[in-house]
Amino acid sequence: MRTLAGQPLQEDIVEAIAPALRAIAASIGPEGRHVIYCNGGRVQAARTGSDIARRICSDHFAGRLLKEALVDAERQFGDGTARLAVMAGAALAEGRRAGEAAIETDRLVEALALLRPKLDTAFAEETRGCDTGAGLVAAAGVDATLAGLILEADAAAGPGGLVEVSEALESAVTAVDGFSFEARHVGAGALAAMDDVHVIVANEMLTDFRTLVPVIEGFADRGKALLVVARGIEGAALQLLERNRKAGVVKTAALVPGDAGPRAVEILEDLAAASGATMICAQAGTSIEALKPAMLGRAAKFRFERGRVHLAGAEGAPERIAMRIALAEAEIRAKRYLPLDREHAERRKARLAGRWVELVVARGFESAVQMESARRALVALRAARTEGVIAGGGRGLENIADRLGSVAAHDAAARAAATMVDAALRAPGRCLRRNASEAPSQARGAMPASVADPARLSRDVLDVALSLAVRLAGIGGAVLRH
C-alpha cells in the first residue's frame, strides 16, 4: 500500500494511461490504421479507441476510468472514441498545469461551463448541411464498394428509416416498404406470403376462438387472409388456426411479438396504428368475443422472413401513425444517453415510418471489420443528416478553436479552461497530420475537402473528453495497492 498526492499522483496517473493514449493516437488516420496486440499467442487487431483501451489499459484506477469513459461513449455515440481519447489526453496535460497553479477543480468546472455558450456559437458558425455524405463514409475506412452500398442504404432509409447491418454470401442493399417488426411464429411449418390481409391485434393471451369460427369461415369463402398477432396464442385458438391453415381452408398466420413485457405491448400498439386495427385488450374494454369486422386492420401484403414480419400497404390512419411517431421521437430525445433504450425507440420510429433497410456485407475474412466500419459510418451519416457537419480531418475543430481564440480570460481558472478547450480541439488535427507523415506546419488544406465529421457527435465527444480530463486532473489523493 502507498499513498500518493499532488504532483507525484498526477505523474502516476499520466504514466498509467500513457501507453493506451499513445496506441489510440497511432490508430487515427487514413487507410484504416489500427493497433495489433497478442492474445493467447494470436496476433489480433484493435481499430477503435474503446477496443484499444480494452486491450491495453491496466488495472490502475486511471486506466479503468479511461476505459470506462470510452466504452460508455461508444455505446452512446457509436463512434468517435479515438478522437475522444486524444482530446482528453491533450486537455489533461493542460489541466495538470492548472493543478500546479492551485486552481480548485470546482472553479475549473465552473469556468468550463461558462465557455459552453461560446462553444455552442462557434460550433453553429462552423456547421454546414450534409450533402452527399461521401466524406463521412470515406472517414470510416471502408472499401469503395461497401462505401457505395452504405450511401445507397442511407438514401433508401430516408430521414425516418433505419438501416440494419448483417452478413450473408453477397453484399447487397434490401429496402422494405411498410410496417416491419420481429415476431415468432407459434404454429408449425413455414408461413407463406399472403395478399389482402386482415389483421387481429390482441394484447391478450388468446386460448379460445369459438366465437370467431363464423369469421374464419367467412374468410375462407371470400379467399381473404387472416393474420393474428397477440401476446400469446395457445390451446384451442392455436389448434383452430393451424387446422384451417394446414387444410388450406383459410390462409392464416399466428404470431407473437419478438420482444416481451412493455416492449411487446408497444409493438402491438404500433401494429394496431399502422394497420388500422382496434387492439383487443381487456383493460381497454375490448374482448375477442366482441370482435367486429370494423375492428380488424388491413394490409395489402404479408411476408415472414428470418423472424421478421413485413406488412406492405398497411391501411392505418395517417394521423394515428403520426401520433405514434411523435411519441417515439420524444422517447429518442429523452433516452439520448441510454443507448439501448434509444435504439429501441429508433426502431419503433422506423417501423411506423415504413422504411426498413438491410445492408448485407459479404461474408469473408474481413467481414466482421467491414460490418463494424459500416455501422460507424451509418451512425455518422444519420447524425449528420439531422445536425449537420463540420470540416473533417481536424480542420473544423481547429477552426472552432480559432473562433474561440479571442475569448477573454479574466482569472486563472478561466485561462486554464480556455487552454484545455483549445488543446482538446487542436489535438485530433495534430494527431492526423503526424500519422500522415505531414509536417505540423503543413497547410490544413492538404486533407481532402470532402472529408467531414458530424457536428453534434464532435461536440458530444469534446464534452466527454473535457469531463474526463477534469476528473483525472482533479484527483487529489489516492491509496494504491501493490
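## An aromatic pair

In this predicted model, a search of the whole structure finds one aromatic pair. The rings belong to Phe 179 and Phe 181, with 5.6 Å from centre to centre and 55° between the planes, and the pair is tilted. A pair of aromatic rings is described by the distance of the centres and the angle of the planes. Rings of Phe, Tyr and Trp (its six-membered ring) pair if their centres lie within 6.5 Å; planes under 30 degrees apart count as stacked, over 60 as edge-to-face and the rest as tilted.

Both Phe 179 and Phe 181 are buried (under 20% relative accessible area, with exposed over 50% and partly exposed in between, for a 1.4 Å probe and protein chains only).

## Arg 308

Arg 308 lies in strand β11, residues 308–312 (strands are DSSP runs of E, at least two residues, and helices runs of H or I, at least four, numbered from the N terminus). Its relative accessible area is 11%, so Arg 308 is buried.

The side chain of Arg 308 makes a polar contact of 3.1 Å with the side chain of Glu 164 (a pair of N or O atoms within 3.5 Å; within protein, one must be able to donate a hydrogen and the other to accept it, and residues adjacent in sequence count only if both atoms are side-chain atoms). Not counting residues up to four places away in sequence, Arg 308 touches several residues, including Phe 181 and Trp 356 (heavy atoms within 4.5 Å).

## Basis of the values

Local features need pLDDT of at least 70 and side-chain atom pairs 80 or more, while totals for chains, interfaces and linings use all residues. Residues are numbered from 1 along each chain as its sequence is written, and side-chain values use heavy atoms, leaving out hydrogens and water.
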